[in-house]
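User: Hi! Could you walk me through this one?
Analyst: Happy to, here it is.

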Amino acid sequence: MERARAGTSRPDSASPSSIVATHCAYCALQCGTWLGRKGDGVEVRPSDFPVNRGGLCQKGWTAPELLGSPVRLLRPLLRRSDGSQTPVGWKTALGTAAAGLRRIREEHGPDAVGVFGGGGLTNEKAYLLGKFARVALGTSRIDYNGRFCMSSAAAATNAAFGLDRGLPFPVDDLSRAEVVLLAGANPAVTMPPLMRHLTDARLIVLDPRRTRTAEAAALHLRPRPGTDLALALGLLHLAVTEGLTDEDYIQRRTAGFAEAWQRAVAWWPERVEQVTGVPVEAQREAVRMLAGARRAHVLTGRGAEQHSKGADTVSAFVNLALALGLPGRPGSGYGTLTGQGNGQGGREMGQKADQLPGYRPLTDPGARSHVAGVWGVAPESLPGPGVSAYELLDSLGRPGGPRALLVFGSNPVVSAPNAAHIAERLAALDLLIVADFMPSETARLAHVVLPVTQWAEEEGTMTSLEGRVLRRRRALPPPPEVRSDLDVLQGLAVRLGRSPGEFPAVARDAFEELRRATRGGPADYSGISYERLDAGEALYWPCPQAPEGGPPHPGTPRLFLDRFAHPDGRARFLPVEHRDAAETADTAFPLYATTGRVSAHYQSGAQTRHVPQLLAAEPEPFVEVHPEAAERAGVREGERAKVRSAHGAVVARVRLEPTLPADTVFVPFHFAGNGRANLITGGALDPVSRMPEFKVTAVRLEPCEDPA
């Protein structure tokens, strides 16, 4: 039980034995909650944890509904020859899965088996999943759905700062900011409690849509879809030409400014307006607001990052922040708003294609030697880097690609770009194994389905968007035939010839091994323990193990105050240049589609579409359309229409939205079937981060001939 202290005080009516302090099941804000038993289930109350200050969004309030959902997966399932799935016991399910994996590896080699993880898995699960892939399976073919979320920001900040932590400062620092620029982020919808930290700041919001966050802004810049990079270059141009840069900071703490300026010099305000549609005076006002603030932040979100040039776009915003002297300055900085619940920890623990635990590169001989020593294997036995998430999914069932895939905590049938194609690739597999607690669209394709625990039924740790490591605590036991992901991995590993001790099924034991594996890495957790977390300490990585006899390391709430993580201690400006999106509008596809979230749903909707209150709030796919575009296409308010691209078509109900640009439509990505937004997105990838281009697709609107 977490020690009662400022920020986590227990509800007055609670008794010590009936209340558990934990965190929300959903996004990376990881709002603090109290869970109390209520009959056979639990009820949730927000705590006054620093990030949410007693608030919760509607998803957090309704999270316990899924624990007793009538459609929840409660027993393992095997797929029959007719395509139906039938319940079986765990011995049969694990035996079938392991036998299939063993056969495919023996016949086609270890890379014939792939693993696809998730940014919602606890640190312990993500860690053990990466170890399972590389040790039990020996495969290089592992990546995770965080590639679709944080990869562009991670690539850019690693290059600029030498380290990637979403927010290199506590969330509460935003409460003292005078100005905050939000590029492609809509926290009023995606993480509403965060807005409690932004009430006193003047907001500059960059978004083509008039979002709820934009409505709260002092200044709303509306770049055309796919032109955020040009706008960021133009803002840097203005900062330099109007004498608003911090010259002393640039000289003392950075490198590469001249090269970056050579690219930005060509982006004078009038050219930026021509490309982006953002008026010159609005550009000037944005730069002056940022430069004139004593405490300012530049924050990016998926709207700026989910592009085939997403890494360069983030780099351009980092360049702006560096030119103004913000990163590493108390009360100011650059950050990215991590999306998934463990989107931060999930990208540190080794489930990425090119990474070992502790955010270590898989190609570093020292990293390989250290981690192999913890795992008790030879360094040369560890496979090399694999391919990115989309490339992994695209290769399924093809010559040289995986013939079997294990999926933990992800639903790529809905969440992957070019979704119809990816569903075909999944269907081409000889063996698809899915561990989940809901019957996701991906689980319904599986040959073996393994039912696993939910957040309130398990122990573990999560790492929030601010780099703080948090305890997830069990409030009630899982249903009888449900096991944890750690149990599943151990059971499969043993059947593949590994010893049980190599794959601990107890979260605390897995964390102790994780501490050793991350020791000395960029994301060093070795000084963090369950005991310290349970005592109420606020611990942010890096938190190295203290020397013997020395005091414990306090953690690092604020990074870069004295130096950046590059060997010379300096941040890097990155020279970047604007380029068009992979698809541009033409006569066949005259509109731009952009995708995103709505407040009632989360990610692929595999959870929230099964919560009655949330489904009632947003029951079906929709497309927001400007009235002029709707008239030209012959579609009307409330009717179903098709949004068609070169890749496929989405069927959605029309909502007329006069605040939208006339050339842009918006489609939320939470729905399944022919309402999947990713039926229209393509496979264009960022050359650095391998992020797919979710946010810009050339489309046209069509009346739906079959209204059913």
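**Core and overall build**

User: Which residues is L406 in contact with?
Analyst: Leaving aside neighbours within four places in sequence, L406 is in contact with L101, V113, G114, V115, F116, F132, L137, I433 and L492, where contact means heavy atoms within 4.5 Å. This is a predicted model, so local features need pLDDT of at least 70, side-chain atom pairs count only at pLDDT 80 or more, and totals for chains, interfaces and linings use all residues. Residues are numbered from 1 along each chain as its sequence is written, and side-chain values use heavy atoms, leaving out hydrogens and water.

User: Which residues touch the most other members of the largest nonpolar core?
Analyst: F132, I204 and L406 do, in a core of 120 residues. A nonpolar core is a set of buried Ala, Val, Leu, Ile, Met, Phe, Trp, Tyr and Cys residues joined through side-chain atoms within 4.5 Å; buried means under 20% relative accessible area with a 1.4 Å probe, protein chains only.

User: And what does the second core include?
Analyst: That separate core has 48 residues, including L35, V51, A185 and L198.

User: How much of the protein chain counts as buried?
Analyst: 63% of its 708 residues.

User: Switching topic, what size of box do the C-alpha atoms fill?
Analyst: Roughly 70 × 70 × 55 Å, along the principal axes.

User: Last one, how many positive and negative side chains?
Analyst: The protein chain has 80 positive and 77 negative, counting Lys and Arg as positive and Asp and Glu as negative, without His or the chain ends.

How values were computed:
Buried means under 20% relative accessible area, exposed over 50%, partly exposed in between (1.4 Å probe, protein chains only). The place of a charge is taken as NZ of Lys, CZ of Arg, CG of Asp or CD of Glu.
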